[in-house]
Amino acid sequence: MKFIAFDVRDDEKPYFQAWAKQNKIEVTLDSGVLDERTLKKTTGYDAVLALQTRSYPEGMFEFFKKQGIKVLSIRNVGVDNLDLTAAKASQIPVTNVPAYSPNAIAEFSVTQLLQLLRQTTIFRQKIAAHDFRWAPFIGEELRSKTVGVIGTGRIGKAAIKIYQGFGARVIAYDLYPDPKLKSQGIYVPTLAALLQQADVITLHLPATAQDCYLLDEKAFSQMKQGVYIINTARGILIESKALLAALKNHRVAGAALDTYENENSIFNHDLRAQPFDDPILAELLVQPNVLITPHIAFYTKTAVENMVLIALNSAKAVCQQGKSDNLVTK
Ligand SMILES: NC(=O)c1ccc[n+]([C@@H]2O[C@H](COP(=O)([O-])OP(=O)(O)OC[C@H]3O[C@@H](n4cnc5c(N)ncnc54)[C@H](O)[C@@H]3O)[C@@H](O)[C@H]2O)c1
């Protein structure tokens, strides 16, 4: 059996190599993307592993069928860039990694909130200029806050546990409340109720067409004065222009954004010598009470190892037994 993996980063290589050795399966590692040009490289392999946000090549599944490739295993969750109808028509099973480490994202959300509450960006800037004074940048304690969690799935649940560990009061809103959390009495009946009561709003829901700009001008106007916003979910959930306005009129005291609505051409790219054309992001980047990170909440050793190993094991299971727990095409 032979596998080929595309878009392999250096930090993934040791996990691939250890698995290949342990399972005695040859795995070719390719740092390039899977596109029209590289598709022919898959010839002769049993499984293809990929990880990309850009679209996959036209006619890929038909090509796999002709070549006798048995499975496409992606190392992430999202399948929106894949033509699953074509996969089904060509009878090529697709597997994903539904959860690689909810804690990685939950921990990062809390980390960013703590930094905002203690104004660490301002202190870093002051200290770099050798200004070691404290005032007027007094901090706030998480224990004294009501944290509003929107979306109580895998990541939302992990975040709730951490916030409760800090002694914060947690309230939550979900379209489909979790029975166990419901018994704790943390759910509020409507999104509006959460917006009105929370000192911190943290997003942990997927981005669907209905939830585009969930936090828009109207939503910001319903929030408490001095609210903190944390988004490690999807950029499109927040209308960035409205957030910037809410930061300027002090409705929002601080925001941490690990995702941004126009992030694709910017995040995880080296743009040091190439200015980007996004005036709203440029303005957000220079606010001392805004923390922008390039979609790294997931990026831990544990999560990366899980993404690689779960994808490899799924590919092996499909090749050997014709099934996997992580099939996205049934
Ligand atoms: N920043 C990162 O590195 C990173 C990594 C992985 C996942 N994510 C994002 O985190 C988010 C949550 O992921 P997850 O694995 O916990 O998902 P999940 O499917 O386990 O949970 C999502 C929850 O949101 C709820 N929900 C859906 N629409 C809602 C709405 N309109 N209002 C309230 N609740 C709603 C669902 O009922 C579900 O309980 C996703 O947007 C995902 O893309 C980000």
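Helix α10 spans residues 240-248 in this predicted model. Its buried residues (under 20% relative accessible area; exposed is over 50%, partly exposed in between, with a 1.4 Å probe and protein chains only) are S240, A242, L243, L244, A246 and L247. Their cover includes α9 (217-222), β9, β10, α11 (279-285) and β11 (290-292). Just after α10, H250 adopts a positive phi of about 65°. Helices (H or I, at least four residues) and strands (E, at least two) are DSSP runs, numbered from the N terminus.

Residues are numbered from 1 along each chain as its sequence is written. Local features need pLDDT of at least 70 and side-chain atom pairs count only at pLDDT 80 or more, while totals for chains, interfaces and linings use all residues; side-chain values use heavy atoms, with hydrogens and water left out.

In β10 (residues 252-257), 5 of the 6 residues are buried, so the strand is largely enclosed by the rest of the structure. In β9, 5 of the 5 residues are buried, so this strand too is largely enclosed. Side chains in a regular strand alternate between the two faces of the sheet. Both faces of β9 are covered. V227, I229 and N231 are buried on one side, Y228 and I230 on the other.

Strand β9 (residues 227-231) runs parallel to β10, and 5 bridges join them. Pairing requires that DSSP finds at least two bridges between two strands. I230 has A256 of β10 as its bridge partner. Strand β8 (residues 200-203) is also parallel to β9, through 4 bridges. Here V200 is partnered by Y228 of β9.

A further set of strands builds an open sheet. It holds 5 strands in the order β2-β1-β3-β4-β5, with parallel pairing. β2 (26-29) and β5 (94-95) stand at the edges with a single partner strand each, so one side of each lacks a neighbour in the sheet. Strand β4 (residues 71-74) is joined to β5 by 2 bridges and runs parallel to it. S73 of this pairing stands opposite T95 in β5.

N96 lies in the loop between β5 and α4 (102-117). It counts as buried, at 8% relative accessibility. Leaving out residues up to four places away in sequence, N96 touches I74, N76, V77, N326 and V328. Contact means heavy atoms within 4.5 Å. N96 and F298 are 202 residues apart in sequence, yet 16 Å apart in space, C-alpha to C-alpha.

K182 is exposed, with a relative accessible area of 55%. Its contacts are P177 and Y187, not counting residues up to four places away in sequence. K182 and D11 are 171 residues apart in sequence and 40 Å apart in space, C-alpha to C-alpha.

The domain assignment divides the protein chain into domain 1 (2-100 + 301-329) and domain 2 (102-292). These bounds come from an automatic or database assignment. The C-alpha centres of the two domains lie 33 Å apart.

UniProt, in an unreviewed entry, places the feature "domain: D-isomer specific 2-hydroxyacid dehydrogenase catalytic" at residues 7-328. Such positions are given in the numbering used here, with shortened feature names, and annotations may be inferred rather than shown by experiment. The span is 36% helix and 13% strand, and its end C-alpha atoms lie 21 Å apart. The unreviewed entry also places "domain: D-isomer specific 2-hydroxyacid dehydrogenase NAD-binding" at residues 111-297. Over these residues the chain is 33% helix and 15% strand, with end C-alpha atoms 10 Å apart.

The protein chain contains 12 helices and 11 strands. Its radius of gyration is 22 Å, close to the 20 Å that the globule rule gives for 330 residues, so the chain is as compact as a globular protein of that length. The radius is taken over C-alpha atoms, and the rule is 2.2 Å times the number of residues to the power 0.38. Along the principal axes, the C-alpha atoms fill a box of roughly 65 × 50 × 35 Å. Buried residues make up 48% of the 330 residues. Among contacts between residues at least 6 apart in sequence, 66% join residues at least 24 apart. The chain exposes about 17,100 Å², of which carbon and sulfur atoms supply 53%. Accessible areas come from the Shrake-Rupley method with a 1.4 Å probe, and for residues only the protein chains shown count as cover.
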